[in-house]
Amino acid sequence: MKEETKLKLNKFGALATRFIESDWWIALNLIIVFIGWVSSGWYVVLPILVVANVLPLFFFRGTKHLLPILYSFVFMINSDRHDLGDYSWLLAFIIILLAGVVFSLVRFKRDYSPLAPKRIKGFHAALIALVVPFAFAGVTRPAESPVARVAALAFIIVVALGYTFFVLTTREDKDELALYVIKILFCSGLVVCAQAVVYYATVCETFDELRENVILKLIDLGWSSANNIAPAIAMAIPATLYLCIKRNKIVPLLVLIALFEYLVIICTGSRGTILFTTIALPIMLLYVMAKTENKLAFGASVCVLFALAVGLVVYFGDQVGEILTKMLDKGFDSSGRTETLYPIAIDTFKNDPIFGAGWDFRIGEIDGNNYSPYWHHSTALQILADMGIVGAIAFAFFYFHRYRTFFVLRKKPEAVMLLLSLLIFDAYGMIDTAFFSPPFFIMLLVISLAVEVALPDDKCRAFGGRDPIADVKALIANLKANRKSAPQQAEPEDTASNENENTEE
C-alpha cells in the first residue's frame, strides 16, 4: 500500500513538474493576471498567484517558472498607481517569496562557481556594482526624504540578489531560457492589448470619443498610462514576430497579432514609442523574412495585411486623417522636456556633479505623491542628476556589458529579437521615465538574464578570466617584498666631526 502511494505521489510530482516547466504555465499565469485586472480583484488574486508560484520552490529544483509572474505582475493592478497605500499589506508576501528562495538554495545543491571572480559575467558584475552609485546618491546634500534614499538602495540590492539567484538556478535551462522569455513577452503583449481593448470598449461609446481619447492620450489601465502601456506592448512585437521563424501553421495569425499590437500602440498616442517602433518594424520584418522557415506564408501574410491596412486607412480616410493630423501637429514637441525638465537636470548635475542630488530630489513634486522622484524624462539625464559622475560611470559599464552579451550571441535569432525589444525600450527611455520604473527595470533584467545564462563560460567574463582579488593580494605581496629587499642607504658621515679630527692632527 505504501509503495503504491509512493508511486502515485512520484507520478503526480512528475506531471506537476512538467506542467510548471511548460508553456501552459506561462499562459495560466498571464490569464490569471488578466482576470485579476478585469475583475478589479487584483489585491486578492495577486497573493494567490504569488503563493502558487512560490510553492514549487519547496518541491522542485527548477526556478524559471517564477519569471512569468516577475515580468507581468504589475499588469494586474487596475487601481490608481499613485494611490496604493491601502495595499501596502501585500508587501508581507515578499516574506513567503524569500522563504522559498532560501529553501531552494539550501535544499537543492547549486553550483556557485558562476559567482567566482574568474567566471562572473560582465553584466552580472555591473548590476551588482550599481549598489555603489545608489548608496552614495545625494550624499553631498541634506536628505529631503531619508526613507526614499534607503528604499532606492534597498531596491537595487534586492534586485541584484534576485538576479544572482536566477543566475545560479536557471543554468540547467540555459539553452531554452531565451525562448521561454520570448513566450512570456508574447503572452504579456496579448494581455496588455486585451486590457486596452476592454478600456476603449468601456470608456468610448462612439468613434468620436475614441478619437478624442487617442488624441488626448487618456488611456489609463491603473498600473500605468499611455507612455508606459505603449512600450510594454512594443517589447512584445519582436517576440510575436520571432514565433514566425520556426515552421508552424499559424504564421498569418502571428503576423495579424503583431499588426494589431502596432495599432494599439498608435491608439495610445505615445509619440516616442510610435516613432521608435515604426523605425524598428521594417528591421524586424526583414530579419524574420531572412530567417523564417515559412517564407511564403510570412511574406504573403505581411503583404496581404499591409494592403488591408492601407485599404482601411483609405476607407476611413477622414477619421484617420484627423487623428493622425492632430498627432503629427504635435510633431517633436518636447512637452516641457527641453524647456523645463532637461535644464533642471543639467543644473542639478552641475550643483552635485560627483554623486548627484539623490533619489529624493524634489520628491513627489511631479506626480503629487510622497514617493516618486523628480522625473527628468530621460534615462541619461536622470542618472546624471540623481547619481552624478559615479552613476554615469557605473551605468556606462552596465549598458556596455548588457549589449556586449547580446552581440556575442548575435547569430541566435532569439537573442536578436530580444535585443530589438531592449533597443526599442532603451531608445524610448532616453526621452521618458520608464527605465527606472521598478517593474520595467525588472522586466529588462528578465530579458538580459535569458541571454546571459546562455553565454559560454569563457565569454563576457567581467575580469577577463582573471581573479582581481588574487591580483590585488599578489600586488600587495610584491610591494611588501620589494620594500624589504630594498638596499639600506648608508648614513651620511659627520662632516664636522671629521674636520675637527683633521684639525687636531
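Visitor: How many residues does helix α2 have, and how far does it reach from its first C-alpha to its last?

Guide: Helix α2 (residues 23-38) has 16 residues and reaches 23 Å between those two atoms, close to the 22 Å expected at 1.5 Å a residue. Helices here are DSSP runs (H or I, at least four residues), numbered from the N terminus, and strands are runs of E with at least two residues. The expected span is 1.5 Å times one less than the number of residues in the helix. Keep in mind that this is a predicted model, in which local features need pLDDT of at least 70, side-chain atom pairs count only at pLDDT 80 or more, and totals for chains, interfaces and linings use all residues. Residues are numbered from 1 along each chain as its sequence is written, and side-chain values use heavy atoms, with hydrogens and water left out.

Visitor: Which residues of α2 are buried?

Guide: Buried means under 20% relative accessible area, exposed means over 50%, and partly exposed is in between (1.4 Å probe, protein chains only). In α2 the buried residues are Trp25, Ile26, Asn29, Leu30, Val33, Gly36 and Trp37. They cover an arc of only 125° around the axis, which puts them on the same side of α2. That arc is taken from the directions from the helix axis to the C-beta atoms.

Visitor: What is found at the start of α2, and what just after it?

Guide: At the start, a side-chain oxygen of Ser22 comes to within 3.3 Å of the backbone nitrogen of Trp24. Just after α2, Ser40 takes a positive phi of about 65°.

Visitor: Where else can I look for a positive phi?

Guide: Most residues other than glycine have a negative phi. Lys217 has a positive value, near 55°, and sits in the loop between α10 (207-216) and α11 (226-234). Its relative accessibility is 25%, so Lys217 counts as partly exposed. Arg362 has a positive phi of about 50° and lies in the loop between α17 (337-351) and α18 (379-408). With 27% relative accessibility, Arg362 is also partly exposed.

Visitor: Which residues of α15 are buried, and which are exposed?

Guide: Phe298, Gly299, Ser301 and Leu305 are buried in α15. Seen down the axis, these buried residues fall within an arc of 160°, so they line one face of the helix. On the other side, Leu296, Cys303, Val304, Val314 and Tyr315 are exposed. The buried residues of α15 pack against α12 (236-242), α13 (251-268) and α14 (271-291). For its length, α15 (residues 295-315) has 21 residues and reaches 30 Å, close to the 30 Å expected.

Visitor: How many residues of α20 are buried?

Guide: Helix α20 is mostly covered, with 14 of its 15 residues buried.

Visitor: What is a nonpolar core, and which residues have the most contacts inside the largest one?

Guide: In soluble globular proteins, nonpolar side chains tend to be buried together. A nonpolar core is a set of buried Ala, Val, Leu, Ile, Met, Phe, Trp, Tyr and Cys residues joined through side-chain atoms within 4.5 Å. Here the largest has 124 residues, and Trp223, Phe395 and Leu418 have the most contacts inside it. Helix α9 (residues 177-203) gives the largest share of this core, 15 residues. Apart from it lies another core of nine residues, including Ile344 and Tyr374.

Visitor: Which residues does Trp223 touch?

Guide: A contact means heavy atoms within 4.5 Å. Leaving out residues up to four places away in sequence, Trp223 touches residues including Trp37, Val74, Phe75 and Phe440.

Visitor: Where is Ser104 found, and what does its side chain contact?

Guide: Ser104 is found in helix α5 (residues 93-107) and is buried, with a relative accessible area of 0%. Its side chain makes a polar contact with the side chain of Arg110 (2.8 Å). A polar contact is a pair of N or O atoms within 3.5 Å; within protein, one must be able to donate a hydrogen and the other to accept it, and residues adjacent in sequence count only if both atoms are side-chain atoms.

Visitor: How many helices and strands are in the protein chain?

Guide: There are 22 helices and zero strands. Buried residues make up 45% of the 505 residues in the chain.
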